[in-house]
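Subject: Structure for your review

Dear colleague,

Please find below the structure that I am handing over to you. My notes on what was found in it follow directly after.

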Amino acid sequence: MIRTAIAVAAATVWLAGNVFAQQPQPAAPPPVDFSEVEIKTTDLGDNVYMLEGRGGNITVAVAKDGIIMVDGEYAALHDKIKAAIATVSNLPIKYLINTHFHGDHTGGNEPFARDGAVVVAEVNVKKRLATGTTNGLTGEKTPPAPQDALPAKTYTGSFKLRLQGRVADLKHAPNAHTDGDTYVWFKTANVLSTGDTFTNGRYPNIDFANGGNIKGMIAATGAYLKLVNDKSRIVPGHGPIADKAGADAIPHYAGHRA
(Lines give C-alpha, C1' and ligand atoms only; values in the text may rest on other atoms or scores of the structure.)
Protein backbone atom coordinates (compact mmCIF):
# COMPACT_ATOMS: atom_id res chain seq x y z
CA MET A 1 0.00 0.00 0.00
CA ILE A 2 2.76 2.41 0.97
CA ARG A 3 4.75 1.53 -2.18
CA THR A 4 1.67 2.15 -4.32
CA ALA A 5 1.10 5.55 -2.68
CA ILE A 6 4.74 6.53 -3.28
CA ALA A 7 4.54 5.44 -6.91
CA VAL A 8 1.35 7.47 -7.44
CA ALA A 9 2.91 10.53 -5.78
CA ALA A 10 6.05 10.22 -7.90
CA ALA A 11 4.01 9.91 -11.08
CA THR A 12 1.94 12.94 -10.10
CA VAL A 13 5.05 15.06 -9.51
CA TRP A 14 6.58 13.87 -12.82
CA LEU A 15 3.37 14.65 -14.71
CA ALA A 16 3.00 18.07 -13.09
CA GLY A 17 6.61 18.88 -13.95
CA ASN A 18 6.13 17.93 -17.58
CA VAL A 19 2.87 19.88 -17.86
CA PHE A 20 4.55 22.93 -16.35
CA ALA A 21 7.53 22.59 -18.68
CA GLN A 22 5.18 22.63 -21.67
CA GLN A 23 3.51 25.87 -20.59
CA PRO A 24 4.70 29.03 -22.38
CA GLN A 25 7.05 30.96 -20.11
CA PRO A 26 6.33 34.67 -19.51
CA ALA A 27 8.30 37.10 -21.62
CA ALA A 28 10.98 39.18 -19.96
CA PRO A 29 9.70 42.60 -18.88
CA PRO A 30 10.57 45.46 -21.21
CA PRO A 31 13.54 47.64 -20.21
CA VAL A 32 12.74 50.60 -18.00
CA ASP A 33 12.48 53.96 -19.73
CA PHE A 34 14.10 56.08 -17.02
CA SER A 35 13.35 59.25 -19.00
CA GLU A 36 9.68 58.73 -18.06
CA VAL A 37 10.33 58.33 -14.32
CA GLU A 38 9.26 61.15 -12.03
CA ILE A 39 10.52 61.58 -8.47
CA LYS A 40 7.82 62.14 -5.86
CA THR A 41 8.81 63.86 -2.60
CA THR A 42 6.89 63.41 0.67
CA ASP A 43 7.63 65.67 3.66
CA LEU A 44 7.88 63.56 6.83
CA GLY A 45 8.60 66.50 9.13
CA ASP A 46 11.77 67.71 10.87
CA ASN A 47 13.56 68.13 7.51
CA VAL A 48 13.21 64.46 6.61
CA TYR A 49 11.70 63.38 3.29
CA MET A 50 10.79 60.23 1.38
CA LEU A 51 11.57 60.10 -2.36
CA GLU A 52 9.82 57.64 -4.67
CA GLY A 53 10.98 56.98 -8.22
CA ARG A 54 11.72 53.64 -9.81
CA GLY A 55 13.29 51.21 -7.37
CA GLY A 56 13.61 51.27 -3.61
CA ASN A 57 12.31 54.23 -1.64
CA ILE A 58 14.83 56.88 -0.61
CA THR A 59 15.03 58.72 2.71
CA VAL A 60 16.64 62.16 2.82
CA ALA A 61 17.51 63.59 6.24
CA VAL A 62 18.77 67.19 6.18
CA ALA A 63 21.19 68.34 8.89
CA LYS A 64 22.72 71.78 9.39
CA ASP A 65 25.90 70.93 7.47
CA GLY A 66 24.82 68.26 5.01
CA ILE A 67 22.46 65.45 4.09
CA ILE A 68 22.20 61.80 5.06
CA MET A 69 20.56 59.77 2.32
CA VAL A 70 19.25 56.20 2.63
CA ASP A 71 19.42 54.24 -0.66
CA GLY A 72 20.02 55.68 -4.12
CA GLU A 73 17.83 53.74 -6.58
CA TYR A 74 19.36 53.45 -10.10
CA ALA A 75 22.36 55.29 -11.55
CA ALA A 76 20.23 56.49 -14.46
CA LEU A 77 18.06 58.44 -12.00
CA HIS A 78 20.97 60.23 -10.31
CA ASP A 79 20.29 63.62 -11.89
CA LYS A 80 16.56 63.46 -11.21
CA ILE A 81 17.12 62.44 -7.59
CA LYS A 82 19.61 65.28 -7.09
CA ALA A 83 17.16 67.74 -8.59
CA ALA A 84 14.42 66.54 -6.24
CA ILE A 85 16.73 66.87 -3.24
CA ALA A 86 17.72 70.38 -4.35
CA THR A 87 14.10 71.48 -3.97
CA VAL A 88 14.33 70.85 -0.21
CA SER A 89 18.01 71.61 0.46
CA ASN A 90 21.12 72.81 -1.38
CA LEU A 91 23.45 71.22 1.18
CA PRO A 92 25.80 68.45 0.00
CA ILE A 93 24.97 64.78 0.41
CA LYS A 94 27.56 63.67 2.96
CA TYR A 95 26.49 60.04 3.43
CA LEU A 96 24.62 57.50 1.33
CA ILE A 97 23.50 54.44 3.32
CA ASN A 98 22.78 51.15 1.54
CA THR A 99 20.03 49.13 3.25
CA HIS A 100 21.17 46.04 1.26
CA PHE A 101 22.98 45.16 -1.97
CA HIS A 102 20.16 44.90 -4.55
CA GLY A 103 20.64 47.11 -7.58
CA ASP A 104 17.41 49.07 -7.24
CA HIS A 105 18.83 50.40 -3.95
CA THR A 106 22.57 50.59 -4.71
CA GLY A 107 22.61 51.62 -8.38
CA GLY A 108 23.22 55.22 -7.36
CA ASN A 109 26.35 54.41 -5.36
CA GLU A 110 28.88 55.25 -8.06
CA PRO A 111 27.47 58.61 -9.26
CA PHE A 112 26.72 59.85 -5.74
CA ALA A 113 30.19 58.78 -4.58
CA ARG A 114 31.64 60.82 -7.44
CA ASP A 115 29.69 63.77 -6.06
CA GLY A 116 31.48 63.32 -2.74
CA ALA A 117 29.07 61.18 -0.71
CA VAL A 118 30.54 58.48 1.52
CA VAL A 119 28.69 55.21 0.88
CA VAL A 120 28.03 53.30 4.10
CA ALA A 121 26.74 49.73 4.44
CA GLU A 122 26.87 46.56 6.52
CA VAL A 123 30.00 44.59 5.62
CA ASN A 124 28.14 41.87 3.70
CA VAL A 125 26.80 44.43 1.23
CA LYS A 126 30.32 45.24 0.11
CA LYS A 127 31.14 41.54 -0.18
CA ARG A 128 28.07 40.84 -2.34
CA LEU A 129 28.68 43.82 -4.60
CA ALA A 130 32.38 43.03 -4.95
CA THR A 131 31.94 39.35 -5.88
CA GLY A 132 28.68 39.43 -7.84
CA THR A 133 25.56 37.43 -7.02
CA THR A 134 23.13 34.86 -8.41
CA ASN A 135 19.35 35.02 -8.28
CA GLY A 136 18.18 31.88 -6.50
CA LEU A 137 14.92 31.67 -8.45
CA THR A 138 16.01 32.51 -12.00
CA GLY A 139 19.74 31.73 -11.94
CA GLU A 140 20.41 35.17 -13.39
CA LYS A 141 23.87 36.41 -12.48
CA THR A 142 24.77 39.96 -11.50
CA PRO A 143 28.45 40.72 -12.17
CA PRO A 144 30.73 42.40 -9.64
CA ALA A 145 30.12 46.12 -9.21
CA PRO A 146 32.81 48.65 -10.19
CA GLN A 147 35.23 49.61 -7.44
CA ASP A 148 33.77 53.11 -7.20
CA ALA A 149 30.32 51.62 -6.50
CA LEU A 150 31.48 49.71 -3.43
CA PRO A 151 30.77 51.12 0.05
CA ALA A 152 33.70 53.15 1.34
CA LYS A 153 32.66 52.60 4.96
CA THR A 154 31.35 49.31 6.36
CA TYR A 155 30.20 48.26 9.81
CA THR A 156 29.03 45.21 11.73
CA GLY A 157 26.32 45.13 14.38
CA SER A 158 25.45 48.80 14.74
CA PHE A 159 26.83 52.18 13.80
CA LYS A 160 26.02 55.89 14.21
CA LEU A 161 26.39 58.61 11.60
CA ARG A 162 26.47 62.16 12.94
CA LEU A 163 26.06 65.54 11.31
CA GLN A 164 25.20 68.82 13.00
CA GLY A 165 21.75 68.39 14.49
CA ARG A 166 21.22 64.95 13.00
CA VAL A 167 22.04 61.38 14.10
CA ALA A 168 21.33 58.27 12.07
CA ASP A 169 21.35 55.01 14.02
CA LEU A 170 22.25 52.08 11.74
CA LYS A 171 21.43 48.57 12.87
CA HIS A 172 22.08 45.27 11.12
CA ALA A 173 19.09 42.94 10.74
CA PRO A 174 20.85 39.55 10.42
CA ASN A 175 19.71 37.18 7.67
CA ALA A 176 16.39 38.84 6.91
CA HIS A 177 15.75 40.04 3.35
CA THR A 178 19.45 39.35 2.66
CA ASP A 179 22.51 38.82 4.87
CA GLY A 180 23.45 42.51 4.83
CA ASP A 181 20.29 44.41 5.75
CA THR A 182 20.45 47.73 7.56
CA TYR A 183 17.59 49.66 9.09
CA VAL A 184 18.07 53.33 9.95
CA TRP A 185 16.43 55.14 12.86
CA PHE A 186 16.26 58.94 12.89
CA LYS A 187 15.15 59.28 16.50
CA THR A 188 14.58 63.03 16.72
CA ALA A 189 12.49 62.96 13.54
CA ASN A 190 10.72 59.73 14.63
CA VAL A 191 11.38 58.23 11.17
CA LEU A 192 12.45 54.64 10.48
CA SER A 193 13.89 53.46 7.14
CA THR A 194 13.64 49.69 6.78
CA GLY A 195 14.84 48.82 3.30
CA ASP A 196 13.23 45.63 1.99
CA THR A 197 12.92 44.00 5.39
CA PHE A 198 9.50 45.70 5.29
CA THR A 199 7.56 46.42 2.10
CA ASN A 200 4.19 48.12 2.41
CA GLY A 201 1.29 46.60 0.53
CA ARG A 202 3.08 43.65 -1.03
CA TYR A 203 4.17 40.18 -0.01
CA PRO A 204 7.72 40.21 1.40
CA ASN A 205 10.55 39.02 -0.82
CA ILE A 206 13.29 36.93 0.79
CA ASP A 207 16.58 36.53 -1.10
CA PHE A 208 17.30 33.04 0.24
CA ALA A 209 20.27 32.55 -2.10
CA ASN A 210 22.04 35.54 -0.58
CA GLY A 211 21.49 35.02 3.12
CA GLY A 212 17.81 35.89 3.50
CA ASN A 213 15.63 33.93 5.92
CA ILE A 214 12.04 34.17 7.17
CA LYS A 215 13.21 34.01 10.80
CA GLY A 216 15.32 37.11 10.27
CA MET A 217 12.36 38.91 8.69
CA ILE A 218 10.23 38.09 11.74
CA ALA A 219 12.97 39.30 14.10
CA ALA A 220 13.41 42.55 12.16
CA THR A 221 9.69 43.30 12.23
CA GLY A 222 9.60 42.60 15.96
CA ALA A 223 12.47 45.05 16.48
CA TYR A 224 10.63 47.73 14.50
CA LEU A 225 7.45 47.38 16.53
CA LYS A 226 9.45 47.87 19.74
CA LEU A 227 11.28 50.88 18.32
CA VAL A 228 8.45 52.95 16.79
CA ASN A 229 5.36 54.57 18.35
CA ASP A 230 1.98 55.65 17.07
CA LYS A 231 3.40 58.88 15.63
CA SER A 232 6.35 57.29 13.82
CA ARG A 233 6.70 57.40 10.04
CA ILE A 234 8.09 54.23 8.47
CA VAL A 235 9.77 54.42 5.06
CA PRO A 236 9.44 50.91 3.59
CA GLY A 237 11.70 49.48 0.93
CA HIS A 238 8.79 49.70 -1.49
CA GLY A 239 5.27 51.04 -1.24
CA PRO A 240 3.72 54.07 0.46
CA ILE A 241 4.75 55.55 3.79
CA ALA A 242 3.58 53.45 6.74
CA ASP A 243 2.93 53.78 10.44
CA LYS A 244 3.14 51.39 13.38
CA ALA A 245 -0.36 50.04 12.71
CA GLY A 246 0.64 49.18 9.15
CA ALA A 247 3.74 47.33 10.29
CA ASP A 248 1.85 45.58 13.10
CA ALA A 249 -0.72 44.27 10.62
CA ILE A 250 1.82 41.79 9.27
CA PRO A 251 1.97 40.60 12.20
CA HIS A 252 5.56 39.50 12.73
CA TYR A 253 5.32 37.43 9.53
CA ALA A 254 4.07 34.54 11.66
CA GLY A 255 1.30 33.73 9.22
CA HIS A 256 3.72 33.81 6.32
CA ARG A 257 6.06 31.40 8.07
CA ALA A 258 3.17 29.00 8.72
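How many bridges join β10 to β11, and do these strands run parallel or antiparallel? The two strands run antiparallel and are joined by 6 bridges. Please bear in mind throughout that this is a predicted model.

**The five-stranded sheet**

β10 and β11 belong to an open sheet of 5 strands with mixed pairing, in the order β10-β11-β12-β13-β14. Its edge strands are β10 and β14 (233-236), each of which pairs on one side only. On average, and ignoring direction, neighbouring strands of this sheet are turned by 20° against each other. Helix α6 (residues 214-227) packs on the sheet and touches β11, β12 and β13 (191-195). The direction of α6 makes about 5° with that of β12.

Lysine 226 and lysine 244 are 18 residues apart in sequence, and their C-alpha atoms are 9.6 Å apart in space.

**The seven-stranded sheet**

A further open sheet has 7 strands, again with mixed pairing, in the order β1-β2-β3-β4-β5-β6-β9. β1 (40-45) and β9 (153-155) are the edge strands, each pairing on one side only.

Strand β3 (residues 58-62) is mostly covered, with 5 of its 5 residues buried. In a regular strand, side chains alternate between the two faces of the sheet. In β3, Ile58, Val60 and Val62 point one way, while Thr59 and Ala61 point the other way.

β3 is paired with β2 in the antiparallel sense through 4 bridges, and methionine 50 stands opposite threonine 59. β2 and β3 form a hairpin with 5 residues between them, and glycine 55 in the turn has a positive phi of about 130°. β3 is also antiparallel to β4, again over 4 bridges, with valine 60 opposite methionine 69. The hairpin from β3 to β4 passes through 4 residues.

Elsewhere in the sheet, strand β6 (residues 118-122) and β9 pair in the parallel sense over 3 bridges. Glutamate 122 stands opposite tyrosine 155 in β9. Helix α5 lies across β6 and β9, running at about 105° to β6.

**The nonpolar cores**

Which residues touch the most other members of the largest nonpolar core? They are Ile68, Leu170 and Phe186, in a core of 19 residues. The elements giving two or more residues to this core are β2 (48-52), β4 (67-70), β10 (158-163), β11 (166-173) and β12 (181-186). Apart from this core lies another, of 17 residues, including Val37, Leu51, Ile58 and Ile85.

Beyond four places in sequence, the contacts of isoleucine 68 include Thr59, Val60 and Ala61, as well as Leu161, Leu163, Arg166 and Phe186.

**The largest pocket**

The largest pocket holds about 1300 Å³ of space. Of the 42 residues that line it, His102, Gly103, Asp104, Asn135 and Thr142 lie nearest its centre. At least two lining residues come from each of α3 (103-106), α4 (109-114), α5 (123-131), β7 (133-134) and β8 (141-142). Among these, α3 gives the most, with 3 residues.

With kind regards

Definitions and conventions: Residues numbered from 1 in each chain as written. Predicted model: local features only at pLDDT ≥ 70, side-chain atom pairs only at ≥ 80, totals over all residues. Heavy atoms only, no water. Core = buried A, V, L, I, M, F, W, Y, C linked by side-chain atoms within 4.5 Å. Buried < 20%, exposed > 50% of the residue type's maximum accessible area, 1.4 Å probe, protein only. Contact = heavy atoms within 4.5 Å. Pairing = 2+ DSSP bridges. Axes fitted to C-alpha atoms, helices over the stretch in contact; angles between N-to-C directions. 1 Å grid on protein atoms, 1.4 Å probe; cavity = no way out; pocket = protein on both sides within 12 Å on 5 of 7 lines; lining within 4 Å. Points joined across faces, edges and corners; volume = space filled by probe spheres on them.
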